[in-house]
Amino acid sequence: MASALTRLLRRPAAALLVARSCRHVKRFGHQILLPGGSVCSEPAREFVRFIPRASLYQIWSRSFSSENGDLVAAVVPYMGESITDGTLATFLKKPGDRVNVDEPIAQVETDKVTIDVNSPEAGIIQEFIAKEGDTVTPGTKVAVISKSSSGDTHVAPSDDKVVKDAQPPSPPAQTPPPTTAVEKIDRQMPKGEIPAKEKPKASSPLPAKTSPLEPQLPPKERERRVPMPRLRKRVATRLKDSQNTFAMLTTFNEVDMTNLMKLRSEYKDAFAEKHGVKMGLMSGFVKAAVSGLQNQPIINAVIDGDDIIYRDYIDISIAVGTPKGLVVPVIRNADGLNFAEIEKEINTLAKKANNGTISIDEMAGGTFTISNGGVYGSLLSTPIINPPQSAILGMHSIVSRPMVVDGNIVPRPMMYIALTYDHRLIDGREAVFFLRRIKDVVEDPRRLLLDL
């Protein structure tokens, strides 16, 4: 029977027939690779032993902890078109914890966003396959989850513990005490010629002489070394590439915030009651930037090889600082939004950025960036261009300073603004005109209504 079955298995079609006809075989868990494909069935110990070893078919076993399909694996999901891998940052659960369907059990940190690894089924976490800090790709198994309602989980002991248990500590080897120099002299010299023993002089250690100019470094115990997050690595790479690529130049101006702050103070209650969002200063600067980009379209353009690409749309990127790093969500079609719509979009994107739930699509693109360092108290700075854009506007803190108004010195709430631009594409003339437009619109918002 064995020889007949061997000859039969040399035919691919017959092998499939035989595999399907062996219904009486129980516990089948092997796969047979045929020249034209593969045949999977449910395990067959009695069936596999008839297949010759030197044949065209490859046979291997896949081990299961449970034969009733009780265990499922939680894998890393698809992370985005431009993201190929990530770092397993942290586990949100522990082995033995119960989880529900689509409940996050781990977080993967990528170059741009943090992605949750969710449980595919409700059950109990049996074990973790990956470790924190491992580099994972989409489809990598992270944990094994048991769908059974039993709360008993068996965790295999670690290899270190098994090795320690298997190897009992050996007793220390007894070594003879070393022979001192005095004892050697006593053995070699005759009894009558033994010299008088002199007491050794206690030599006190000399204090280390340190130069007064030599710096005293702190001990290594007071330092901590932690791996750099992937988002921080990505930000560092992009900023350094920006410095190496662009011919960056920064020009400054100052803005009198009196009228814009007065406008917000007068209408903030009615604005919040109607639109459900507070009126901030950022919406005014976004509208001013839109007006400036429309007057100076070269600032909204970008260099592509030997060509200049002019964009007829305006997508404003807003730099947001988060505990994990700097992210830049994008306000799409900002030229078609009013003050309330801009404030709502900024609040939504800022909350997602701080919670780590912002998506890659919400940060992709952007034609111009606004960075508000004034919320942290920055008085003046030179922002770095966000590639592949050509310019970035920096806002700063509002400080009351003495200004000359109509020949009189009066206190005014003033803000410094800075525009960093790529001098290969943008000349100083366009940059100064752009900042002047920002200044005019912010100092007199009625220009937006009259299109002046």
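Two strands are taken to pair if DSSP finds at least two bridges between them. Helices (H or I, at least four residues) and strands (E, at least two) are DSSP runs, numbered from the N terminus. The structure is a predicted model, in which local features need pLDDT of at least 70 and side-chain atom pairs count only at pLDDT 80 or more, while totals for chains, interfaces and linings use all residues. Residues are numbered from 1 along each chain as its sequence is written, and side-chain values use heavy atoms, with hydrogens and water left out.

Strand β11 (residues 141-146) has bridges to β4 and to β9. Strand β4 (residues 71-75) is joined to β11 by 5 bridges, and the two run antiparallel. Within this pairing, A73 has V144 of β11 as its bridge partner. Strand β9 (residues 123-128) also pairs with β11 in the antiparallel sense, over 4 bridges. Here F128 stands opposite A143 in β11. Strand β11 is mostly covered, with 5 of its 6 residues buried. Accessibility classes follow relative accessible area: buried is under 20%, exposed is over 50%, and partly exposed lies in between (1.4 Å probe, protein chains only).

A search of the whole structure finds 10 salt bridges, each defined as a side-chain nitrogen of Lys or Arg within 4 Å of a carboxyl oxygen of Asp or Glu. One of them joins E103 to K93, with the closest N and O atoms 2.8 Å apart. Because E103 lies in the loop between β6 (98-99) and β7 (104-109) and K93 in the loop between β5 (86-91) and β6, the pair ties together parts that are 10 residues apart in sequence. E103 is buried, at 19% relative accessible area, whereas K93 is partly exposed, at 21%.

A salt bridge is also formed by the side chains of R332 and D315, at 3.8 Å from N to O. This pair links distant parts of the chain, 17 residues apart: R332 is in the loop between β18 (330-331) and α9 (339-355), and D315 is in the loop between β14 (307-309) and β15 (316-318). R332 is partly exposed, with a relative accessibility of 33%, while D315 is buried, with a relative accessible area of 8%.

Another salt bridge connects D422 with R424, the closest N and O atoms being 2.8 Å apart. D422 is buried, at 1% relative accessible area, and R424 is partly exposed, at 44%.
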